[in-house]
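Please open the structure in a viewer and keep the selection tool at hand.

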Amino acid sequence: MAGKSTSLASRAGKKRNANAPLAQDDNASQEWSTARPRTLVDHAVDAILAAASRGLILPGDRIAEPDLVARLGMSRVPIREALRILESQGIVTSEPYKGIRLMEISHQRLEQIIDVRIPLETLACRRAIEAGRNGAPQLTKLYQAVADMQTMMQRDDVYGFASADTAFHRTLCSFAHNPVLSNLWESIARQLTVIFGLSTMGKSMSDIIEEHQRLVNVFAEGDIAKISDEIEQHIRIQALDVDYETIIAQRRQQRSSAG
C-alpha cells in the first residue's frame, strides 16, 4: 500500500513538472527577469542621469524641482520620487539651505569608488573563472555589451554609451553568481554611469571600447593573476586617466559663456 502511494505521488510530481517546465531548470532564474512596466518615475530617473552623463547638469549643480517639471513636462510627484531614489544611490545630495545637488566628482571621490570597484570586480572574475564561467556563453554576453557600446558610439549617444559601459561591468559581476556581490556593485552602478559619461569628454569612445575588448580577452584566458592585474589597470586607467575636475570646470565655463 505504501509503495502504491509513493508511486502515485511520484507520478503526480512528474505531471506537475511537465506542466511547469521552467521548474525543472535550475538555471531558469539566472536567465529570466521579471517584466516591469516603465513608470514616469523611471523616465524621470533616466532623464536626470542622461543630463548628468552628458554634462548638462554638472557635479555640484543645484537641481530644482520646478526646472525639472518644466523641462520634463511632468508633475512634481514622479520627479520628487526620482530624486529620492537617486539620493539613496548617491547621485544627488540634499542638505538644509543648500537644496538638492548633483554628486561631486573629485579626485578623492574617484579614489573611494576605485577602492570599492576593484575588489568587487576582481572577486567576481576570480569566482567566475574558478567555476569555469568564462567560456562561450559568458563571452557572448560580454561581446554583445561591447557591441552595444560600439552602436552607441556610432549614434554619438553619450548616455547610451555610458549605460552600455555600466551594463558590461554588471554582466561581468553577474558571472560570480553571488547576489551579495552584485547588490554591492549595483549600489554604485548609477554613479558609474554618470562618471562613464563624463569620461567621454576626456577620452575617445573608441579607446574606451578597446580597453573593454582587452579585458574580455584576458578574462577568456582564465588566468586569475592576469585578470586581477587587468581589472586593476582597467579601472584605474578609466578613472584616473581622465582629468574630471578640469573637464567639469571647462564645461561650466562654456555653459556660462553660452548663457
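Which element supplies the largest share of the lining of the largest cavity? The answer is α6, with four residues. Helices are DSSP runs (H or I, at least four residues), numbered from the N terminus.

This is a predicted model, in which local features need pLDDT of at least 70, side-chain atom pairs count only at pLDDT 80 or more, and totals for chains, interfaces and linings use all residues. Residues are numbered from 1 along each chain as its sequence is written, and side-chain values use heavy atoms, with hydrogens and water left out.

**First stop: the cavity**

On a 1 Å grid over the protein atoms alone, a cavity is a set of points where a 1.4 Å probe fits but cannot get out; a pocket is an open set with protein on both sides within 12 Å along at least five of seven lines; lining residues have an atom within 4 Å of a point. One cavity of 30 Å³ or more is counted.

Select L110, I113, I114, R117, L192, I195, F196, I235, Q238, A239 and Y244, which line the largest cavity. Its space is about 70 Å³, a volume being the space filled by probe spheres set on the grid points, which are joined across faces, edges and corners. Next, colour α6 (107-130), α10 (189-199) and α12 (224-240), each of which gives at least two residues to this lining.

Move to the second largest pocket, which holds about 350 Å³ of space. Among its 14 lining residues, select L56, I57, D67, L68 and R71, the closest to its centre. Then show α3 (40-53) and α4 (65-72), the elements that give two or more residues to the lining of this pocket.
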